[in-house]
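Please review the following briefing alongside the sequence and the coordinates.

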Amino acid sequence: MAQVVPYVMAVDDSSVDRAVITALLRRSKYKGAVTAVDSGKRALEILDSEPNVSMIITDYWMPEMTGYNLLKKIK
């Protein structure tokens with residue numbers, strides 16, 4: 001039986017914060033896939049085609065859609 005690889009999506013409008021989250025995950029014991037995107041809208045687009053996201057790390061204050069509103073839409 002194939003092992004499911006955990007998949008994390010980092011959503012933040014700051015390129016620096018996205019890079020830090022990605023780097024921290026890759027340096028830790030976490031061995032899954034990481035996708036970093038710059039907006040809630042882009043996160044929703046990816047989730048439409050990639051339903052296997054295990055966890056979402058999101059900024060709260062972003063233009064157009066807050067992290068809270070993003071999570072409400074996903075739920």
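Predicted model: local features only at pLDDT ≥ 70, side-chain atom pairs only at ≥ 80, totals over all residues.

Residues are numbered from 1 along each chain as its sequence is written, and side-chain values use heavy atoms, with hydrogens and water left out.

**Annotated span**
- An unreviewed UniProt entry lists residues 7–75 as "domain: Response regulatory"; such annotations may be inferred rather than shown by experiment.

**Helix 1**
- Arg18, Ile21, Thr22 and Leu25 of helix 1 are buried (under 20% relative accessible area with a 1.4 Å probe, protein chains only).
- These residues cover an arc of only 95° around the axis (taken from the directions from the helix axis to the C-beta atoms), which puts them on the same side of helix 1.
- The face turned away from that buried side carries Val16, Leu24 and Arg27, which are exposed (over 50%).
- Strand 1 (7–11), strand 2 (33–37) and strand 3 (55–58) are among the elements covering the buried residues of helix 1.

**Nonpolar cores**
- The largest nonpolar core has 11 residues in all, including Tyr7, Met9, Ile46 and Leu70 (buried Ala, Val, Leu, Ile, Met, Phe, Trp, Tyr and Cys residues joined through side-chain atoms within 4.5 Å).
- Strand 1 and helix 2 (40–49) each give two or more residues to this core.
- A second, separate core of six residues includes Ala10, Ile21, Tyr30 and Val34.

Key. Helix = DSSP H or I, 4+ residues; strand = E, 2+ residues; numbered from the N terminus. Contact = heavy atoms within 4.5 Å.
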